[in-house]
Amino acid sequence: MHAVRMHQHGGPEVLVYEDAPDPRPGPLDVRVRVRAVALNHIDLWVRRGLPRLRLQFPHILGADIAGVVDAVGEGVEGVAPGDAVVLSPGVSCGQCRWCIAGDDTLCPRFSIFGEHIPGGYAEFVVAPRANVLPKPARLDFVRAAAVPLVFLTAWNMLVTHARLRSGETVLIWGAGSGVGSAAIQIARLYHARVIATAGADWKLERARALGAEAVVNHSTEDVYEAVRRLTDRRGVDVVFDHVGAASWETSLRVLARGGRLVTCGATTGAQAPTDIRYIYGRQLSIFGTWVGAKRELLEVMVHVEAGRLDPVVHAVLPLAEARAAHEMLERREQFGKVVLAVSEAGA
């Protein structure tokens with residue numbers, strides 16, 4: 001098969017489009033012919049190298065995968081060659097106490113396609129049967145690939161952890177990202193008021209079109225002062241933060257009493273000062289999210305199929321141009337998702 005592989009950590013130049021062995025499905029596995037794979041910031045982090053992450057090179061990135069079932073292993077039921085599918089990005093053992101309880105992200109063996117195990121930057125990928133879901137019929141493969149990781153993560157943050165309620169106000173950092181654009185839609189689904197930030201005015205316009213009631217350019221405005229003005233000095237009920245060090249202090253300060261901060265990333269750095277007195281004095285809650293459980297993705301897909309949630313695709317490039325796609329993400333040129341078309345992706 002053709003694949004984009006990395007033989008070492010580094011910049012976009014380590015991504016090599018080349019021939020690779022076809023993967024073979026084992027018992028209870030499904031082999032998928034990949035039609036499209038969407039990029040995430042996790043692709044950039046893994047490519048550069050992460051502490052304690054030990055890869056077996058050559059490695060294939062890509063967590064968000066849509067395609068067609070090509071072959072099934074022994075014991076597989078419910079799917080057959082020719083089925084159009086998307087893959088749940090997180091793989092777990094399915095047998096530990098956490099998996100049995102439906103909290104598979106807490107599984108000691110939890111892994112993500114493209115991070116710990118081979119991903120979708122290839123013509124074929126092998127996945128456990130438990131990770132194979134029907135592709136929403138109303139979406140083509142490109143748009144279907146843009147759904148799983150960001151909508152699952154945003155759902156886990158806003159619905160499962162923050163328990164967002166109708167009428168509340170939520171601040172969403174980085175609206176131009178895939179997870180940010182998903183979060184705006186989920187917040188509006190729950191009838192919350194959205195204040196969104198982005199670093200460019202054209203991205204703020206797109207955020208408004210998605211449902212943000214108010215927008216703040218975090219490159220030119222003081223987010224703290226803007227939020228105080230927009231909320232009559234009360235603050236927001238929920239902050240959706242995936243930025244990290246650059247936004248952390250402001251995220252805590254703009255929360256109203258009893259507010260909730262949910263975080264899933266640290267793009268600008270992992271170390272930030274925290275005044276602990278502010279947390280207990282204002283009775284704040286902080287929740288961390290690492291993707292989300294398969295049961296949550298099933299909930300997300302119901303809304304996607306009904307058209308209440310819709311993936312935002314900024315650009316589609318061929319698989320061989322994965323390097324250019326990474327560069328686009330690193331320059332923050334996108335609003336929504338960048339997708340690699342692998343084969344007949346629009347079908």
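**Exercise 1. Work out whether R260 is buried or exposed, and what its side chain reaches.**

Step 1: R260 has a relative accessibility of 10%, so it counts as buried (buried means under 20% relative accessible area, exposed over 50%, partly exposed in between, using a 1.4 Å probe and protein chains only). Keep in mind that this is a predicted model, where local features need pLDDT of at least 70, side-chain atom pairs count only at pLDDT 80 or more, and totals for chains, interfaces and linings use all residues. Residues are numbered from 1 along each chain as its sequence is written, and side-chain values use heavy atoms, with hydrogens and water left out.

Step 2: Find R260 in strand β14, residues 255–263. Strands (E, at least two residues) and helices (H or I, at least four) are DSSP runs, numbered from the N terminus.

Step 3: Follow the side chain of R260 to the backbone oxygen of A162, at 2.8 Å. Then look at E168, whose side chain joins that of R260 in a polar contact of 2.9 Å. A polar contact is a pair of N or O atoms within 3.5 Å; within protein, one must be able to donate a hydrogen and the other to accept it, and residues adjacent in sequence count only if both atoms are side-chain atoms.

Step 4: Leaving out residues up to four places away in sequence, R260 touches several others, including R163, D237, S285 and F287 (contact means heavy atoms within 4.5 Å).

**Exercise 2. Find where A80 sits and how far its C-alpha atom is from that of V30.**

Step 1: Go to the loop between β4 (64–72) and β5 (84–87); A80 is there.

Step 2: With a relative accessible area of 33%, A80 is partly exposed.

Step 3: V30 is 50 residues away along the chain, yet the two C-alpha atoms are separated by 8.8 Å.

**Exercise 3. Describe which residues meet where α1 contacts α11.**

Step 1: From α1, take H41, D43, L44, R47 and R48; from α11, they meet H326, L329 and E330.

Step 2: Sort these contact residues, and you get two nonpolar, two polar and four charged. Here Ala, Val, Leu, Ile, Met, Phe, Trp, Tyr, Cys and Pro count as nonpolar, Asp, Glu, Lys and Arg as charged, and the others, Gly among them, as polar.

**Exercise 4. Say how much of the protein chain is buried.**

Step 1: Buried residues make up 57% of the chain's 347 residues.
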